[in-house]
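Here is my note on the two-chain model. Please read it with the structure open.

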Amino acid sequence: MSMSPATQQEFDTQSLFYNRWKSRSLRNSLMNWVSGSIALIACLPLLSLLGMVIYRGSRALSWSSFVELPPAPMQEGGGFGNAMVGTITMVSIAALLAVPSGILTAIFLAFLGPDSKLAEAVRFVARVLSGLPSILAGVFAYAMVVLVMKSYSAFAGGVALAVLMLPIILLTAEQSMRMVQARLIEAAVGMGCTSAQVVRRVLLPTAFPGILTGVLLAVARAAGETAPLLFTALFSNYWLVQEGQLKLAEPTASLAVFIFNFSGSAFDNLVEMAWSGALILVLMILTLNLSAQLLAKKLQR
Amino acid sequence: MKNTIGTSLKFERTIDSAFRRVCWTLALLTILLGGLIVFEIFYHATPAIKKYGFSFLTSSQWDPANEAYGVLPEIWGTFYSSVLALIVAGLLGVSVAIWLTQNFLPSRVEWFLKTVVELLAAIPSVVYGLWGFYYVIPMLRPFAGWLHEQFSWVPFFSTPFTGPGILPAALVLGIMILPTVASISRDALSAVPSRLKEAAMGLGATRWEVIWKVVLPTASRGIGAALVLGFGRAIGETMALAMLAGNSSRLTLSLLSPSNTLAARLANQFPEAGPSEASALMFAALVLMALSLSANVFGVVINLRARYKLARVGVAR
C-alpha cells in the first residue's frame, strides 16, 4: 500500500520477505490457532455423546432387550422389543405415504413442468416444510387423525412422520433427477417415447441411487423423531400384534418415546434401559446415514 | 398390423396423460398439505383465540384449573435459548465452515470433520436430551455453582443452579443446530469465486486477511441465511428442551434458572390435556408456527437472493 513513487529510491526489499514476527503474520497465526481450536471443540460433543451412549448403553444390553416387553420398576430383565417393532411399523407407514408421492411430485418438478408456476410454488412450500418444527407435524396429525379416529394410533404416528419425510424425499429426488444428463432424455424423446416412458426407462433408473439416498436419509430422520409421536402414537407397554391381529388403531410404542419416558424415571434399571434403547436407536440411524453417504459417494464417481 | 400399432399407441398415450395428471395432482397436493397444516392448527386454536386473544401472548399464567392461559414466559424462553444457542452454533459452525473450505486441511481430515458434523445432525433429539441430562448438567454443576457464588450480582447468574435450565439447554441446542449453520455457511463460502481470493493473495494478503476482507464479506449473505435458518431450527427444537429446560415458566435473565419454551410446553402438556387446555396448546402451536415459519421463509429468501446475486455477477459455481 505504501509503494508511492517517493519511497522507490530507498525501498527496503527485505520488507517483501515473509517475516513471522510481523504483526500481520502474528495475527494470521493467532487466528489459525483460535479458529482451529474452535473447530476442534466442535468435534468434542459428538465424541463424548457417542462414547457415553456406547458405554452406558451396552451395560444393560442383552438378548432379552430385543424380545421382551418394558420392565416394571425394580424388575430384572425386560426390554424394548415392542418399541422397536412400533418404530419400524410407523416408519414403514410413513414411507408408504411419503415415498411414492414425493417421487411423483419430484418427477413433476424435474421433468414435466420444471419452470411452471406450480413447480416454483411446490419448491417453496417443500423448503418451508423441511424447516417445520417436528412437534407441529405431531399437532397436525393429532388434529387430522387422532381427533377424527378418537384414538391414539400407529397410523396417526405414521402420518406425522410422513409430513416430515415428504420434503426431504421430494427435494433430494428432484435434485438427483436434475443431474440426469439432458442428452439421455432428449435421445429417448427423439425416439418417440411418451413422458411416462421416458420417466420409467430413463429418468428413474438413472436417478435411482440419488433417490434412494434421499429416502434413506428421510427414513433415518423419521426413525429418530420423538416429538411428533408423543401425542399421536403415545406409548404402549404391549406388543403391536395381539391375538394374531395387527393393532394399528391403538396406542403404539416407539423406541424414541421409550427413551423419553424411561429417561426421567427414578429407577436405575429403567434409566439403564433408556440408555440401551438410545444405543440401538443411534446404531440404526447411523447405519442408515452411512449407507446413504456411501451411496452418494458412489454416485459422485 | 397397422391396427395393433394404433391401439398400443393409444394405450401408451392414455397411460402417459394419466401419469402426467397424477404427477400434477400430487404436486398440487403438496401445496395443499402446507395450507392444510396451517389451517388445521388455526382451526383448532380458534376457541382459544376468541377467548384469550392478544392477552394470551402477554400473560404469564398457565392454570388449567381456572382456564387461564398465557405463553409470555414460553415465548421469552424460546427466544432466549435460541439466541444463546445461535451464539454457540454461529461461532463453532462458521469456524468449521472456514476450516472446511479454505484449504486448511488435508482432504482426509477434511472428510473426517465433515462427517462428524453430518453425524451430529443425524443424532436424534431425544438422545441429545438424554446425554445433556446425565452428562452435560453434572459437568456444568460445579462451574455454574461457582459462577452463582462469585457473580450473583450479575443478572445472568442471579439464581442458584438447580440442574435443568437455560444454560445446559442452550449449550445442547447450540450443538444441535451447529450442523445446519455449518453446512449452509460452507455452501456460501465455497461459492466465493476463487479468482477473488487469488487476486487478494497475489497482492500479498495473508490467509486470514483474505478470509476477513474478501471471503467473509462476499459470503456474508449466505452466512446470514445460515444463521437465520439455524435460528428457525432452534425455535422449533423440542425434545432436548423438554428434557433440559426445566419445564418451569419464568421470565428471567438468569442462565442458571429453569425455563420453558413453546415446543417444550407442547411436548410436556399435550398428552394429558383436556379440551380447553388442548385449544390453548393449539394456540401456542400457532404462535410457534408463526415464529418458525417467519424465520424459515426469511432464511430461504435471503439464501436464494444471495445465490441470485452471485449468479448475476457471473461468479456462482
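**Notes on the interface and the salt bridges**

1. Between chain B and chain A, 14 residue pairs are in polar contact, both residues at pLDDT 80 or more. A polar contact is a pair of N or O atoms within 3.5 Å; within protein, one must be able to donate a hydrogen and the other to accept it, and residues adjacent in sequence count only if both atoms are side-chain atoms. On the side of chain B that touches chain A, helix α1 (residues 2–52) of chain B gives the largest share, 20 residues. Helices (H or I, at least four residues) and strands (E, at least two) are DSSP runs, numbered from the N terminus. That side of chain B divides into 53 nonpolar, twelve polar and eight charged residues. Here Ala, Val, Leu, Ile, Met, Phe, Trp, Tyr, Cys and Pro count as nonpolar, Asp, Glu, Lys and Arg as charged, and the others, Gly among them, as polar.

2. A word on the basis. This is a predicted model: local features need pLDDT of at least 70, side-chain atom pairs count only at pLDDT 80 or more, and totals for chains, interfaces and linings use all residues. Residues are numbered from 1 along each chain as its sequence is written, chains are lettered from A and ligands numbered from 1 in the order in which they are written, and side-chain values use heavy atoms, with hydrogens and water left out.

3. The extent of the interface comes next. In contact (heavy atoms within 4.5 Å) are 73 residues of chain B and 76 residues of chain A. The two chains bury about 6,800 Å² between them, 79% of it on carbon and sulfur atoms. Buried area is the accessible area (1.4 Å probe) that two parts lose on being put together, summed over both.

4. How many salt bridges cross the interface of chain B and chain A? The rule finds one. A salt bridge is a side-chain nitrogen of Lys or Arg within 4 Å of a carboxyl oxygen of Asp or Glu. The partners are Glu209(B) and Arg24(A), with the closest N and O atoms 2.8 Å apart. Over all chains, the whole structure has ten salt bridges.

5. Within chain B, Asp16(B) and Arg20(B) form a salt bridge at 3.2 Å, N to O. Both lie in helix α1 of chain B, four residues apart, about one turn of the helix. Asp16(B) is buried at 10% relative accessibility; Arg20(B) is partly exposed at 38%. Buried means under 20% relative accessible area, exposed over 50%, partly exposed in between (1.4 Å probe, protein chains only).

6. Chain A holds a network. Salt bridges that share partners join Glu120(A), Arg123(A), Glu174(A) and Arg178(A). Glu174(A) pairs with Arg178(A), the closest N and O atoms being 2.8 Å apart. These two are four residues apart in helix α6 (residues 154–178) of chain A, so about one helical turn separates them. Glu174(A) is buried at 7%, while Arg178(A) is partly exposed at 45%.

7. Arg123(A) sits in helix α4 (residues 117–130) of chain A and is buried at 12% relative accessibility. The side chain of Arg123(A) reaches the backbone oxygen of Pro114(A) at 3.0 Å. Not counting residues up to four places away in sequence, Arg123(A) touches Leu109(A), Pro114(A), Glu174(A) and Arg178(A).

8. One further pair in chain A: Arg221(A) and Glu225(A) meet in a salt bridge at 3.0 Å, N to O. Arg221(A) is partly exposed at 27%. Glu225(A) is buried at 11%.
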